[in-house]
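Thanks for coming, everyone. Let me put the model up, and then I'll walk through its spaces, its ligand site and its backbone.

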Amino acid sequence: MPQPVLLRHVREPDQADLHAYERRGGYAALRRALRELSPEQVTDLVDRAQLRGRGGAGFPTARKWRFVPKDAPVKYLVVNADEGEPGTFKDRTLLEGDPHLLVEGIALAAYANDVRTAYVYMRREFYQARRQLERAIAQAYERGYLGQGILGTEFSLDVYVHPGAGSYIAGEETALLESLEGKRAMPRLKPPYFPAVMGLYSKPTVLNNVETLCCVPWIVREGPEWWLEQGPPQLYSVSGHVNSPQVVEAPLGTTARELIERAGGIRGGRQVKAFYPGGTSSRPLSARHLDVPLRHEELAKLGSMLGSAAVIVMDETTDMVKVIARVCEFYREESCGKCTPCREGTVWVTQILDRILHGRGRPEDLDLLESLARNMTGTCFCPLGESVPPSLRAGLEDFRDEFEAYIRAAREPVQMPVRLHLGAPAPGG
Amino acid sequence: MRLREEGALLSEGAKREIEALRARYPVAQSAVLPALLRVQEELGWVPPEAMAEVGRLLDLPVEVVAEVASFYSLIFTEPVGRHVVQLCTNVSCLLSGAEAVRERVERELGVRAGQTTPDRRVTLLAVECLAACDQAPCMLVNERRYGPLTPEAAARLVKELD
Ligand SMILES: Cc1cc2nc3c(=O)[nH]c(=O)nc-3n(C[C@H](O)[C@H](O)[C@H](O)COP(=O)(O)O)c2cc1C
Ligand code: SF4
Ligand code: FES
């Protein structure tokens, strides 16, 4: 197995310290860029590395950077450190273990886009990550990697950490910008509010995920060919019924089977029933897809997506009705309420799933769920509402027998399926 | 006169910090969330008078501050206990026994998720994914994260809070 790249130093206990980071080659990329490369050349390297966003949408990073009007006098860089997609924990791992890598990535992206001010929007629950990053930022200022006239050049940059306050939708880029402006985190209409043209304070804004920016120093330092030869490196957050849930760095396109093995295999030597390949917003796949390369193209063909590359593994004892109900509840709780299909749809869907789970399901409920999934597709204002149908569809198409068993049992209460594996039922349930 | 009343609510340090926060942004309203969180660090929650004070410090109508505050689940607009326990109940934790942990913690505290113990010692919250599914099932006790938890370990942790 080749040496990891993004995770290479995250477990070194002193990596968050500037000197240790420098000793391991840190800030060499920034020095090189400021000395030898024009901003366009930095973007070119990112382009040739074929870097795609790691926050969920998978948009090509260099293309995003090139949307930003070159002549705009004020531009911003905003870093998405809100990491809220269930099952995803790779940004936290990077922030806690190697915060200078992000600081260097921020400086490079700011240089490439002629940005002087950057904000890191970080979810409130990241106390440890925030301490690590704020310390790294302070050290970088002291050492002249941030602030006025960086490394004796004309390039200046200020970086601020901005806290979120408990809202999943704030991770959606336009909602994030609203939140950063001190408003409720509700998505904006695109167009005209494409962040690259009309972003923070209506100024052109580059908005990238933590992992995306952590790729940039490596690409600039070692070159795009090297980067591609390494896989390219991709972080998969592997959790659920595996022996050692962890962030696995593997070449983009690794299969779930391999990732599960890297995470210590399935607990108790059981078989896989299903897995979410890209967080709960992606369509969960069944065991027959264990050998599908987890890449944007292949997953799109299956009606799923790579999303945040959060692989949530469920073994053969898993109650899929319960999992899908919990996922839909999450979207109901986090719906911002701006549009009807999402606000009302999530309430209806969870009501129906709740009554199925509690032995009051009706045979027509499955058709109802199907029509709700249809009505929530292509009608929601933002992707949050559209995250419900993929789970529902998988449930109705691939795990229909489990739903039917609940509904059948509802009419013969003695035969309620007993499933202890997920733990005892919730109070009141 | 009014200044002294304000002083009674928030420390001078907090007020200075909130004013300094303003300078980070070209628009004062951007400082609302960080300011509310700063208030919360000091008072545990954000009472209406504190919203008014944040409004004064940032030159914003109190209605704007209140509207923003009410949107975010981690801005507490009602009093909470001395300790806040956030127990993750999302999928990866659910698959690793979060329901049993939750039951056990609820029994230990004698309250349900979403409630505060009568002695105001602990507020228990059931929350969404904490981005720590490698430590599932997990929880935050104030600013510290714990996991993977057994029901007993979780109960012991909340019991020891003073
Ligand atoms: C509901 C919703 C939540 C999102 N949450 C996050 C998040 O927590 N972190 C993140 O980086 N991107 C999140 N995204 C994706 C962002 O909108 C955006 O695409 C991404 O941050 C862009 O950065 P990238 O191009 O580097 O991936 C979310 C999207 C949606 C629709
Ligand atoms: S889809 Fe949901 S989260 Fe998105 S704008 Fe509509 S109500 Fe808000
Ligand atoms: S599901 Fe509990 S931390 Fe992610």
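Start with the lining of the largest cavity: 5 nonpolar, 4 polar and 4 charged residues. For those classes, Ala, Val, Leu, Ile, Met, Phe, Trp, Tyr, Cys and Pro count as nonpolar, Asp, Glu, Lys and Arg as charged, and the others, Gly among them, as polar. This cavity has a volume of about 100 Å³. Its lining has 13 residues, and nearest the centre lie Y21(A), G26(A), L101(A), W218(A) and R221(A). Two elements give two or more residues to that lining: helix 6 (99–113) and helix 9 (210–222) of chain A. Helix 9 of chain A gives the largest share, 3 residues.

Now the ground rules. This is a predicted model, where local features need pLDDT of at least 70, side-chain atom pairs count only at pLDDT 80 or more, and totals for chains, interfaces and linings use all residues. Residues are numbered from 1 along each chain as its sequence is written, chains are lettered from A and ligands numbered from 1 in the order in which they are written, and side-chain values use heavy atoms, with hydrogens and water left out.

What do I mean by cavity and pocket? On a 1 Å grid over the protein atoms alone, a cavity is a set of points where a 1.4 Å probe fits but cannot get out; a pocket is an open set with protein on both sides within 12 Å along at least five of seven lines; and lining residues have an atom within 4 Å of a point. Grid points are joined across faces, edges and corners, and a volume is the space filled by probe spheres set on the points. Helices (H or I, at least four residues) and strands (E, at least two) are DSSP runs, numbered from the N terminus.

How many cavities of 30 Å³ or more does the structure hold? There are 4. The second largest cavity has about 70 Å³ of space. Which ligand takes that space? Ligand 2 does. The test for sitting there is that more than half of a molecule's atoms lie within 2 Å of the grid points.

Look at what is around ligand 2. The shell has 13 residues, with C336(A), K338(A), C339(A), C342(A) and C382(A) the closest; near means a heavy atom within 4 Å. By class, that shell is 9 nonpolar, 3 polar and 1 charged. The lining of the cavity itself includes P187(A), C380(A), F381(A) and L384(A). That lining splits into 8 nonpolar, 3 polar and 1 charged.

On to an open space. The second largest pocket has a volume of about 1300 Å³. It is lined by 50 residues, and G55(A), G56(A), A57(A), E172(A) and P383(A) are the closest to its centre. Helix 4 (61–67), helix 5 (90–97), strand 4 (205–209) and helix 16 (388–398) of chain A each give two or more residues to this lining. Strand 4 of chain A gives the most, 4 residues. By class, the pocket lining has 16 nonpolar, 21 polar and 13 charged residues.

Next, the backbone. In chain A, a cis peptide bond joins K190(A) and P191(A), with omega about -15°. P191(A) is in the loop between helix 8 (173–180) and strand 4 of chain A. S202(A) is in that loop between helix 8 and strand 4 too. S202(A) is not a glycine, yet its phi is positive, about 60°.

Chain B has 8 helices and 4 strands. Along the sequence they run α-α-α-α-α-β-α-α-β-β-β-α. The C-alpha trace of chain B spans about 50 × 35 × 25 Å along its principal axes. Where is its cis proline, P148(B)? In the loop between strand 4 (144–146) and helix 8 (151–159) of chain B. The bond comes from G147(B), and omega is near -5°.

Last, confidence. The predictor gives the complex an ipTM of 0.95 and a pTM of 0.95. pLDDT is the predictor's confidence in each residue, from 0 to 100. Chain A has a mean pLDDT of 95, with 96% of its residues at 70 or more. Chain B has a mean of 95, with 95% of its residues at 70 or more. Residues 418–429 of chain A are under 50, with 27 contacts beyond four places in sequence; contact means heavy atoms within 4.5 Å. Residues 1–7 of chain B are under 50 as well, with 7 such contacts. Where pLDDT is low, the predicted coordinates should not be read in detail.
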